[in-house]
Amino acid sequence: MSFERVTGGMHERRKSRNIGVALCLVFFIGLLFVLTTVKIRDLGAVEGFDHTPRATALPIEGGS
Amino acid sequence: MSDASLNGTQSAKPLEGPYEAGFGDYFALLKPRVMSLVVYTALIGLLAAPVSLHWVEAFAAILFIAIGAGASGALNMWWDADIDVVMKRTAKRPIPSGRVQAQEALAVGLALSGFAVVMLWLTTNLLAAALLAFTIFFYAVVYTMWLKRSTPQNIVIGGAAGAFPPMIGWVAATGSVSIEAALMFALIFMWTPPHFWALALFMRSDYDNAEIPMLTVTHGRRVTRNHILGYTIVLAALAVGAAFTSIGGPVYLAVAVICNAIFFRDAVRIWRRDEAASELDNFKVERGFFKFSLLYVVVHFAAIWVETLLPSGFLGGWL
């Protein structure tokens, strides 16, 4: 097993690569979050389960 | 996807000793200058569409189209590494200069291609993603691997790859291909040959050294000058004619008439010159034509966008 000597320039480039990839990942996660939020909003109002009957799910009185 | 540039004309020396690529070296694989034109035309295609996306969706769509274009650029660099190293214009690219290994470029290109296509699908629609996938395939396989080294018509047919971005932008917004998207495609498709042939006229030795069958090499420079004029006439007819379609209007017409008059005038100058005259002033007219061709695309697409901002009926708009 051999080890390559890490020079100053190599260290700098490795650091720039790591920081660049990290920033890309963080940006991508943020973009996915915002994109998901926008997509869900586009679906319209979302009714969540809150232990009470949903008004829209109840049968219409006098209706068929 | 024009990868032409007047920069980087100094040949690079191969690096000595071990070298680990930095982030910028990998980013350079994506041909940022080409990406900028892709982003611009795709954005205009998206903005000109009658359906508007939420700005976050629009931003993401343009980003993934740009990443897809960049990925095809990386695949192009991987395949063309052997000829890039002998061309002055491309010798400083990451692979020929030894900063990135060819296999790394292949991995980056394939990974980003898949990523961009899937993400564009999830962000917009399947048709836009399919068009992006086809564009990457067309540029990396049809143009780079097949046409570029086999026929002087390489940039004529291969120009389709660069013409797709505004269509993808339009489809990302509307979900369908329409006549407007086809017109924007045609505009770039017809613009590409004179743009590249002007470059080939003053970068001849590069293509000679790399044994790429550019028109200048296979049919001579006189024929190339004739072709530039011929394509410029067809382009002018198309560009001005588009003013009377749904993507045009009075503002676009004014821009198209002025730009195409200048472009045609310069094409005639190129056609009338011989090699002696060109070499005497170091291809000044050809270089000027090439530089103006970049402005030509930018201004035409800006006019298309401006037309979408104007109220219908502006200056008695005809459509």
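Me: Which residues form a nonpolar patch on the surface, and how much accessible area do they have together?

Reply: In this predicted model, the patch is made up of B:Trp79, B:Phe134, B:Phe137, B:Val141, B:Met145 and B:Trp146, and together these residues have about 570 Å² of accessible area.

Me: Which helix gives the most to the nonpolar patch?

Reply: That is helix α6 of chain B, spanning residues 126–147, from which five residues of the patch come. B:Trp79, by contrast, sits in helix α3 of chain B, which covers residues 55–79.

Me: Is B:Trp79 buried or partly exposed?

Reply: B:Trp79 is partly exposed, because its relative accessible area of 34% falls between the 20% under which a residue counts as buried and the 50% over which it counts as exposed.

Me: How should I read the size of the interface, and what area is buried between chain A and chain B?

Reply: The size of an interface is often given as the accessible area lost when the parts come together. Here the area buried between chain A and chain B is about 1,600 Å², with carbon and sulfur atoms giving 70% of that area. A:Arg13, A:Arg17 and A:Leu35 supply 32% of what chain A buries against chain B, which is more than any other three residues do. Counted by residues in contact, the interface brings together 18 residues of chain A and 20 residues of chain B.

Me: How many salt bridges and how many residue pairs in polar contact are there between the two chains?

Reply: There are three salt bridges between chain A and chain B, and seven residue pairs are found in polar contact across their interface, counting pairs in which both residues are at pLDDT 80 or more. In one salt bridge, the side chain of A:Arg17 meets that of B:Glu20, with an N to O distance of 3.2 Å.

Me: What is the secondary structure of chain A, and what share of its residues count as buried?

Reply: Chain A has one helix and zero strands, and of its 64 residues 9% count as buried.

Me: Is B:Asp266 buried or exposed, and which residues is it in contact with?

Reply: B:Asp266, which lies in helix α12 of chain B (residues 250–272), counts as buried because its relative accessibility is 8%. Apart from neighbours within four places in sequence, B:Asp266 is in contact with B:Val285 and B:Phe289.

Conventions. Residues numbered from 1 in each chain as written. Chains lettered and ligands numbered in written order. Heavy atoms only, no water. Helix = DSSP H or I, 4+ residues; strand = E, 2+ residues; numbered from the N terminus. Buried < 20%, exposed > 50% of the residue type's maximum accessible area, 1.4 Å probe, protein only. Patch = residues over 30% accessible without salt bridge, like charges linked within 9 Å, V, L, I, M, F, W, Y side chains within 5 Å. Areas by Shrake-Rupley, 256 points an atom, 1.4 Å probe, with all protein chains shown as cover. Salt bridge = Lys/Arg side-chain N within 4 Å of Asp/Glu carboxyl O. Contact = heavy atoms within 4.5 Å. Buried area = accessible area lost by both parts, 1.4 Å probe. Polar contact = N/O pair within 3.5 Å; in protein donor to acceptor, adjacent residues only side chain to side chain.
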